[in-house]
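Please brief me on this two-chain model. Cover the interface first, then the build of one chain and two local sites.

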Amino acid sequence: MNGFPILSLITFLPVVGMIIILFLKKEQANLIKYTTLVVTAVQLVFSIILLMNFDYSAAGVFEQGSFQFIDKFRWIEIKDISWLGTVKVDYFLGVDGLSVPMVLLTSLICLIATISSWNIPHSIKGYFALFLLLDCGMMGVFVALDFFLFYIFWELMLLPMYFLIGIWGGPRKEYAAIKFFLYTLLGSIFILLVMIGLYFSAHETLADGSKVFTFNLLALMDSANYTSDGILSPFNPGNLRFIAYIGLFIGFAIKIPMFPFHTWLPDAHVEAPTPISVILAGVLLKLGTYGILRISFPIFPEITRELAWYIALFGMINIIYGALVALAQKDFKKLIAYSSVSHMGYVLLGMASLSATGVNGAILQMFNHGTITAMLFLIVGVLYDRSHTRGLNDFGGLANQMPVYTGFVTVAFFAALGLPSLSGFISEALVFVGAFGSEEIRTLTIISTLGILLGAAYMLWTLQRIFFGKLNEKWNQLTDIDTREYIMFIPLTIIIIFLGVYPSAMLDIMNSSVNALVEFVSTGLSNVQLSGF
Amino acid sequence: MNLSILYDSLALIKPEIAISIALILLVLFDLIFHHDKRIIKYIAGISVLVTFYFVYEQFGLRGFSFQTDNIDLITNGMVAVDGFASFFKVIILLSTVFIIFFSNSSLEIQQSNDRIGEYYALIFGMILGMFFMVSANDLILIYLSLELMSLSSYVLAGFVKIRDRNSEASLKYIIYGSVSSGLMLFGISLVFGLTGTTNLLALKTFLLASSVNPVVFGFAIILIVAGIGYKISSAPFHFWTPDVYEGAPITITAYLSVASKAAGFALLVRFIKVAFVYQTDSDGHWVMLQIFDWQTLIIILSILTMTLGNFAALWQNNIKRLLAYSSIAHAGYLLLGLAVLSDQGVIALLIYFFFYLLMNLGAFYVVMLISDKIGSEDIHDYNGIGPAAPFLGVALTIFLISLTGLPPTAGFIGKLYIFIALVDAKMIAVAIIALLNTVVSLYYYVRVLKHMYLTKVEEQRAQVNISAWNLIVALLLLIPVLVFGVYFSPIVDFAQACNSLLSGI
C-alpha cells in the first residue's frame, strides 16, 4: 500500500461524486442516486481494504512513525520577513487505532443512509450533492492530523447539514436547522480560538533544523516543542491552558451532545429526514468524542487528569438524564434521540476512567452506538413512511401485522438496552469495568449503572406499546418491510450480533493505540505546575 | 518650489495624473458623442487598465511626492508613495473594474443611460480623491481628498431619480457628511493651533520634543476620528449608512461599501502609524506615543461597530439594508486589525480587506441581478428563489457563508488572520467578543438562505435566467473566494510585501 493515497481517496471520493452529480441533469434522478450509491459503496470497499492492510500493532496517537497510510505534503507555505517566522500548514492525513473504527463506521453508515435516501421526495440533485459533501467533511475529520485541516473539515459539515435538515425536514425544520447551525458554530469558535492559541505556543522543527509555529497535532502533543512564553504553553507560569481546555471541551461537547448543550439534538433529530437522522446519530455525534480523544486528551494530559471526575460527572448526568427524558417521550423519534444522549454518556464515562479498558469500551461504544442507533432511526423511518405518525401511543399489536420488522426491531432494541451476546452489552460492560477500576469516579460509576435499568425500561415499554397488545384497526393495511429495507437492516443486524459474540474483531484494531493513548495521558506533563485553577 | 522638485513629484503621481486625464476625457467624450453613449464605458475601462499599469510600475517605490523640508534627515512631503498606498490603490481599482461591469448590467443604471458620462466622471472624481486619501501625509491634503471623494459620492448616491428614496439618500448623505467634515476640520485646526504643523511626520517630531495639552489634543483627535469614522461607517458615526446604502443605486452602494471604506481605512492607518508610532519593536508591535490612548479608543469603536451592525442586521427585511448593516459589522472586524497596533494587525487588515472586496462585491452583484429580475429587494420576495435561479442561489450562498467567515471560503482566512493577530497580542477577551459576533451574524446571513431555499412557496417560481456575461462576472468573484479559501499564500505574500508604510521609522 506504500505511496497509494488511499486516505485522500476515501475522503475526497465523495467530492468527485458531488461534482459529477452537479453536471447531471435534474431529470436524471436514477443516475444521480446510482452515482451516490456507487461512490459510497466504493468508499466502503476502500475502507475495508484499508482495514485489511492495517497493522494492528502500530500505536499511532502521538508518534508519526506509527501512523499508517500517511498522506503528507506542504499545503501552505508563506515566507515572511519578520512576523511569526514562516507560516506552514501541512496537508496531513493518517490513521491509527482510534480512527480506523470511525472510518469504517462512517463509510458503512453513509452507504446505508444512501440506500435509505432512495425515496427522497424532491430536489434529488441538491440532496445527494449536499449528502456527499457532508460525507467528505465527516471522513476528513476522522483522518486529519493537522489542526487547521481538522477545523476546515469540521466546519465543512455545517452548511450541508443545515440544508439537509432545513429543506427535506419535517414541519419545524427551519427552527431545527438554524438551531443546529448556531449551536455547532458557537462550539467551533471555541475550538478555533484554542487552535490559534496552540499555534502560538509550540514550534515544530523542520528537516532543515529551523523552527516554525505549527498546527500539526502530533507536534502539539510533544511537550518538548512548547515555547517558554506561549499562552498555552505548559511551561509558561501564567498560561491559559485550563480555560483553553474547557473551551475546547465545550466545543466538542456540543457535538456529542453533552448535557446542558444537548437541546439542539432532539429538535434536529425529530425534524431531519430519516437518512439524515441516521447520519446524525451514527456518525456526527461521534465527532465530539473523537475530537476529545484525538485532541483534548493528548494535548492537555495534565488537565485531563485533573478534570476526569467532571467529565465522568457529565457522563453520568447524560446517562441518567437522557434515560429519564426518554421515558417521558410520546414521540418515537424523540425517544430514540434522547436514548442517544444517554448512550453517549457511556462514552464520556469510559473516557473519563483513563484506563485502557474504559477507553476501549468508549471507542467500541462509539462504534456500536453508531450501528445500533442508525438501525433504530431506520426503524422509526420504516414505521413513519407507512403510517405517517410517530406517536408511541397510536400503535399497538404490530407484531402480528409486521413480523419480520418486529424481529429486527427486537434485535436493535435489545442491543440498545445492553443484552448480552449483542454488541451494546460488550461496550457498556467494558465502560463500567474500566470506570469502576478508577477509584476517583467509582461513586459516579455506581450511580450510572441506574442508566442500564432505565434504558431497559424505556426500550421494553416502547416495544410493548408499539408491538404488543391489540392491533389498532387503523393499521391493518401496514405492509411488512420490503427488499430495500432488508438490505439496510441485514448488514447492521449482522454487525450487531457479530460484535456481540466476537468483540475482539473491533477491539484488536484499537487496542495498541488505546494503550498508547492511556499511557500518554496518564504520564504526560506530570512534572508541570498546574496554573489557572 | 523649484521646477526640478515639481518634475520629480509628477513622476511619482502618474496614477493620479492618469485618473485626472481620464476624468477630462470622459467629460469631453460625453459632450462630443451625446447621441451614442456606448463608448463611455470603454473609455472608463481602458483608463482603469492604464492606471493599473502605472500603479504596478510604482510597486517597490518608496518616496514622497511634493517634498517639504527634511526632518532629522528623513525626507518628508505631502504625498507618500509606498507599498501600503499601492495596495489600497489596487483595491480601489479592482473594485472600480467590477463596478464598471456591474453598471453595465444594472437595470437602474441602464435606465439613466443618457447621463452615463456624468456617472463615470463622478466615479473617476471619487477615485482621484481616494488615491490621494490613501497616500496623504498632511492634514490639509487629508481634508481636501476626503472632500473630493465625498462630493462626488454625494451626487452618485442620488444619481438615479426613480424613487423618493434616492434623493433622500443623497440629502442625508450630504447633511451627515458636511457635519462630520466640519467636525474634522475643527479638529485639524485645533491640532494646527497646538503644534503649528499639519504635516504628519512633523507632528510626530513635535509631539516627541514638546508637550501639548492632552485634553485639548485628545479632543482634536477625536474630532478627526469622527470625520474618518464617518467614511468607514464605524459606530457611532454610521447613521447615514443604512439609508444611503438602501437608497443609492446598488452599484454605488457596492462601491461605497468597498472602495470608499478602503480609502478611509488607509487614511486612518497612515494617520496613526505616521503621527503616533514612535518605533516598532522586533515582533512588529508598535511603540506608541503616550499622548493619546489609541488602543482603547479603537477597541471601543470596533466592538461597538460590529455589535451594533450585527444586531441591527437581525431585523432587516430589505436585503440591501441587511448588507449595509453587515458592512458596518465588517468595519468593526477590520478595526480590530488596527486595534492590535502592530504590523501583523495591519497585514491582517490588508488580507481581510482583499477578501472583503471579493465577497462583498459578489454578494451585492448577485443581489442586484436577482432584484433586477424579480423587481424587489424585500427578503420575503426571495422565497423559493434558490431552486428557480440555481447558479445565483449557490453563488449568493457561498458569498454569504464567506461573509460569515466559515471555511473553506476566503472570508474564513481573513477572519483567521485578524484573530491570529489578536491572540498574538494577547487580546483574548476582544477575540471572544468578535467570535461571538460571528455567531450572531450567522443568523441573519442564514436567514437569507432560509428564504431562498427553505421557505415553502405556493406556486413554482418562474426560472430566473442570466446572461453568459453576468455568469462570467459572478464567477470572477466566486472562484477566488473559494480558491483563496484553501490556498491563500499569494494574498498573504502580497499583503506582507505591501506592508511598507513610509512613517519615518
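The briefing below goes from the chain contact to single elements.

This is a predicted model: local features need pLDDT of at least 70, side-chain atom pairs count only at pLDDT 80 or more, and totals for chains, interfaces and linings use all residues. Residues are numbered from 1 along each chain as its sequence is written, chains are lettered from A in the order in which they are written, and side-chain values use heavy atoms, without hydrogens and water.

**Interface of chain A and chain B**

- The contact (heavy atoms within 4.5 Å) takes 38 residues from chain A and 41 residues from chain B.
- About 3,700 Å² is buried between the two chains, and carbon and sulfur atoms give 80% of that area. Buried area is the accessible area (1.4 Å probe) that two parts lose on being put together, summed over both.
- One salt bridge is counted between chain A and chain B. A salt bridge needs a side-chain nitrogen of Lys or Arg within 4 Å of a carboxyl oxygen of Asp or Glu.
- B:Lys450 forms a salt bridge with A:Glu174, with the closest N and O atoms 3.7 Å apart.
- On the side of chain A that touches chain B, β1 (68–78), α5 (147–156), α6 (158–168) and α7 (173–199) of chain A each give two or more residues. Helices (H or I, at least four residues) and strands (E, at least two) are DSSP runs, numbered from the N terminus.
- α7(A) gives the most to this side, with 13 residues.
- This side of chain A has 28 nonpolar, two polar and eight charged residues. Ala, Val, Leu, Ile, Met, Phe, Trp, Tyr, Cys and Pro count as nonpolar, Asp, Glu, Lys and Arg as charged, and the others, Gly among them, as polar.

**Build of chain B**

- Chain B has 21 helices and four strands.
- Its C-alpha atoms fill a box of roughly 75 × 60 × 40 Å, taken along the principal axes.
- Of the 505 residues in chain B, 65% are buried. Buried means under 20% relative accessible area (1.4 Å probe, protein chains only).

**Helix α11 of chain B**

- Helix α11 (residues 240–247) of chain B is largely enclosed by the rest of the structure, because eight of its eight residues are buried.
- Those buried residues include B:Trp240 and B:Tyr245.
- They pack against α7 (139–157), α8 (164–195), α10 (214–231), α12 (250–276) and α14 (319–339) of chain B.

**A:Phe142**

- A:Phe142 lies in helix α4 (residues 124–143) of chain A.
- A:Phe142 counts as buried because its relative accessibility is 1%.
- Leaving aside neighbours within four places in sequence, A:Phe142 has contacts that include A:Ser99, A:Met102 and A:Tyr290.

Conventions:
Buried means under 20% relative accessible area, exposed over 50%, partly exposed in between (1.4 Å probe, protein chains only).
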